[in-house]
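Please examine the sequence and the three-dimensional model shown below. The paragraphs that follow lead through its sheets, its helices and some of its side chains.

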Amino acid sequence: MNDQKYDIIVIGTGPGGEGAAMKAAKEGKSVAVIEKYHLVGGGCTHWGTIPSKALRHAINRMLEFNTSLAFRSALGSALRLSYPDLLRSAESVIARQTAMRRDFYERNRVRLLHGHARFLDAHTIEVRADTSIEPTVLTADAFIIASGSHPFRPRDIDFNHPRIFDSDTILSTTSTPRSIVVYGAGVIGCEYASIFRNMGCKVDLVDTRSQLLSFLDDEIAHALSYHLRDQGVMIRHNEEYERVEGLPDGMLLDLKSGKRIKADALLWANGRTGNTQNMGLEELGITPNSRGQIKVDENYRTALPHVYAVGDVIGYPSLASAAYDQGRFAATHLIHGTCDHHLVDYIPTGIYTSPEISSVGRTERELTEARVPYEVGHAYFKSLARAQITGRTVGMLKLLFHRDSLEILGIHCFGDQAAEIVHIGQAIMAQRGVANNVQYFVNTTFNYPTMAEAYRVAALNGLNRLA
């Protein structure tokens, strides 16, 4: 065994682990990072955010080509690329991301080990790369667990069947399904339903709830439902599976309502589980919940004060953006005993359906329940010159603000570039006092034509509603 001592050991190289390791290294600490996979970057880089968004981008470019009369007439026919062909567009992005992140560790003199991490005691950990190789044993004063999550898999579903996938394995399929059932209508399910429908696949989206993405503002959620249906997605609400049967030429889904759906493939997208199995946590007094998630305090400490946890393994908000900040904040608290920075009250959401969705702040439902007097301002993309130029006229920007103080309370965007557009409003919303005021958008000159000018249009629309 190879015994080595470090100040801090980080488990996982996703956004949370990277944020923690980089912060600790910059503070002069000796740091080792353990990654189970043979490449750095975590699920975000290899199975989640990066590949799915690169795939979406490739499909959108294909759609843009096929909907252009000039391009189609030049080619003489529509452009048809297979699912594996489109997936290959993500490979170069993943490779660049992986190389860049490995370089971060090398330049900051962080030791990187590959293998499964398991605690032997409160300050000792073993890293086993292969059962045939003796594990490496490391000790540290403190640990930060950023081991991420994986798709939840019910035991009665055969995920070894070639037509049954989860959100990790769907990225390795070698064929293009003509029809697919997406079970689970959360963020991942809605994104993939949109992806496959834009490829021309017949899509059934099975939702266990009564409304898509109920955490969104109702108007935005209803707009998403309308446009998915308008694109041809069959949405089935309030359904639960009874049985999933793999067939030689596809799969069969039996629902408890008595419905039966046959398709070429099934994508199971109903929940995720924290990566905490076989890590020896229970013996330390750190007991993950039924979904493998670790409970932490406001400074990301577990039941053991020298062991921290961040990212998907602690549950909400389960966003790459938030995980990186959590890692930085946890490392700061670990080193200095305090951290003045915390996650912002309102974390922006980015949902990469087509069109995409982004929001920050409170919804109309929340404001109404809290009896906050608010007003609404809309800017419909069909009225913006930039949207008319690009042809991306579906969508809107929606501002919610206090009727008396004019403080911005919520920003909700549905349409092309929504995840970019939301940050303009977020920056103003984060200001204190009179600086957070919807009048800012009226009194600021925006470039023309841009999508950003939607803020001026929405602000004027809302202010005109005031009595």
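Across which strands does helix α13 lie? Helix α13 (residues 454–463) lies across β20, β21 and β22, and runs at about 140 degrees to β20. Such angles lie between 0 and 180 degrees and are taken between N-to-C directions, with axes fitted as lines to C-alpha atoms, for helices over the stretch in contact. Helices (H or I, at least four residues) and strands (E, at least two) are DSSP runs, numbered from the N terminus.

The model is predicted, and local features need pLDDT of at least 70, side-chain atom pairs count only at pLDDT 80 or more, while totals for chains, interfaces and linings use all residues. Residues are numbered from 1 along each chain as its sequence is written, and side-chain values use heavy atoms, with hydrogens and water left out.

Five strands form an open sheet in the order β18-β19-β22-β21-β20, and their pairing is antiparallel; two strands pair if DSSP finds at least two bridges between them. Because β18 (349–351) and β20 (374–380) stand at the edges with a single partner strand each, one side of each has no neighbour in the sheet. Neighbouring strands of this sheet are turned by 10 degrees against each other on average, direction ignored. Strand β20 is joined to strand β21 (residues 395–402) by seven bridges, and the two run antiparallel. Within this pair, Y374 has H402 in β21 as its bridge partner. Helix α7 (residues 218–231) also packs on the sheet, touching β19 (357–361), β20, β21 and β22 (408–415), and its direction makes about 5 degrees with that of β22. Contact here means heavy atoms within 4.5 Å.

A second open sheet has five strands in the order β8-β15-β9-β10-β11, with parallel pairing. Its edges are formed by β8 (164–166) and β11 (234–236), each of which has a single partner strand, so one side of each is left without a neighbour in the sheet. From one strand to the next, the twist averages 20 degrees. Strand β8 pairs with β15 (residues 265–268) in the parallel sense over three bridges, and D166 stands opposite W268 in β15. Helix α6 (residues 187–198) packs on this sheet, where it touches β9 (179–183), β10 (202–206) and β15; the direction of α6 makes about 165 degrees with that of β10.

Why can strand β9 be called largely enclosed by the rest of the structure? Five of the five residues of β9 are buried, so the rest of the structure largely encloses this strand. Buried means under 20% relative accessible area, exposed means over 50%, and partly exposed lies in between (1.4 Å probe, protein chains only). In a regular strand the side chains alternate between the two faces of the sheet. In β9, S179, V181 and Y183 are buried on one side, and I180 and V182 are buried on the other. Strand β9 pairs with β10 in the parallel sense over five bridges, and the bridge partner of V182 in β10 is L205.

Aromatic rings provide a further view. Rings of Phe, Tyr and Trp (its six-membered ring) pair if their centres lie within 6.5 Å; planes under 30 degrees apart count as stacked, over 60 as edge-to-face and the rest as tilted. By this rule there are nine aromatic pairs. The rings of Y83 and F196 are stacked, because their centres are 5.1 Å apart and their planes stand at 25 degrees. Since Y83 lies in helix α5 (residues 83–107) and F196 in helix α6, this pair ties together parts that are 113 residues apart in sequence. Y83 is buried, with a relative accessible area of 0%, and F196 is likewise buried at 0%. Y241 and W268 form an edge-to-face pair, with 5.1 Å from centre to centre and 85 degrees between the planes. Y241 belongs to strand β12 (residues 241–247) and W268 to strand β15, 27 residues apart.

Finally, N299 is found in the loop between β16 (272–274) and β17 (307–309). N299 counts as buried because its relative accessibility is 11%. Not counting residues up to four places away in sequence, N299 touches Y308, A330, H333 and H342.
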